[in-house]
Amino acid sequence: MDFYRTQSAWSDPGRWTVDLAAIPPEPDAVVSAVSGLLLHPFFAAMRGIAIPPAADGDRGVRAVAAMLDAVRARDPRPLTAPRAAEDRFFCVCSGFAPLATAVFRAHGVPARCRVGFAAYFNPGKLEDHWVCEYRDGDRWRLLDAQLDERAVRELGIRFPPTDVPREQFLDGSTAWRQARAGELDPATMGLSVLGLAGMWLVAGDVMLDVAALNKIELLPWEKWSVGRTLGPGADVPPDVAARFDRVTADLAGTPDADLARRVYRENGWLAVTPTVMSFLTGAPVEVAIEP
């Protein structure tokens, strides 16, 4: 477990380490604190909250330290204090999961980000999503810090956000295997609000999830290696699909650090490159992935 007890280059809160550690590592407290600092743009729209101009670049921020810089600049109170909606950091799920992970790691609790698909946002759809996976005794549990009390009511969530059932969130490897076995329809897997779905997107989530298991937390719209050829709507060639078949078979279940690192090391095409292709604005742009 030691590998996941410590911060990554991207989850490291930097100068906010002491402030972040003031948030207790109890799962309920993590959900409450993180959801009080961040707000998803889609939730903001649902609630009639306008995103302020100062938050226009929030979605492109990767590092937790930079996220907290913005949070404290907008409201200098301790991180345990929930912010007014307009003063929060406006990010998608890939902001909530790393921040929750950072809180657990700040207390030496093993935690990691997981990338995959959630069944609880849109009936009949598996939406591209990130959650935090934390160690609780002898098992890993899934935590969705995006699900504040209001979201739980609005979405009719029937489970605690601190223990998301595995059938409600499928990690990238599980989603790939089930889709390849004909158990899931790739046309239902993606970002329904943007009309994006398909095996190309599932493949991207496999790569992002493997990276996160190796403590390289990227952004959902970033691609590298073979992922560069798997942009929106692309077909996954048979030889490439066979590579994903082998990797996802190895990662079946809940992989430990040794397995995740071995798979990453033995499959060079999974290795994250110094620059990645980002689709943040829709058109592909080459960006460096420095924390």
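Student: Which residues of helix α10 (residues 257-266) are buried?

Tutor: Helices here are DSSP runs of H or I with at least four residues, strands are runs of E with at least two, and both are numbered from the N terminus; buried means under 20% relative accessible area, exposed over 50%, and partly exposed in between, with a 1.4 Å probe and protein chains only. In α10, Ala257, Leu259, Ala260, Val263 and Tyr264 are buried, and what covers them includes α8 (199-213) and α9 (238-250).

Student: What kind of model is this, and how are its residues numbered?

Tutor: This is a predicted model, in which local features need pLDDT of at least 70 and side-chain atom pairs count only at pLDDT 80 or more, while totals for chains, interfaces and linings use all residues. Residues are numbered from 1 along each chain as its sequence is written, and side-chain values use heavy atoms, with hydrogens and water left out.

Student: How many residues does the largest nonpolar core have?

Tutor: In soluble globular proteins, nonpolar side chains tend to be buried together. A nonpolar core is a set of buried Ala, Val, Leu, Ile, Met, Phe, Trp, Tyr and Cys residues joined through side-chain atoms within 4.5 Å. The largest one here has 44 residues, and those with the most contacts inside it are Trp176, Met189, Trp224, Phe244, Leu270 and Val272. Among the elements that give two or more residues to this core are α7 (172-180), α9 and α10, but α8 gives the most, with 11 residues.

Student: Which side chain of opposite charge is nearest to Lys223?

Tutor: Lys and Arg count as positive and Asp and Glu as negative, with His and the chain ends not counted, and a salt bridge is a side-chain nitrogen of Lys or Arg within 4 Å of a carboxyl oxygen of Asp or Glu. Lys223, found in strand β9 (residues 222-223), is buried yet has no salt bridge, the nearest side chain of opposite charge being Asp205, 7.2 Å away. The side chain of Lys223 does, however, reach the backbone oxygen of Leu230 at 3.2 Å.

Key:
A polar contact is a pair of N or O atoms within 3.5 Å; within protein, one must be able to donate a hydrogen and the other to accept it, and residues adjacent in sequence count only if both atoms are side-chain atoms. Contact means heavy atoms within 4.5 Å.
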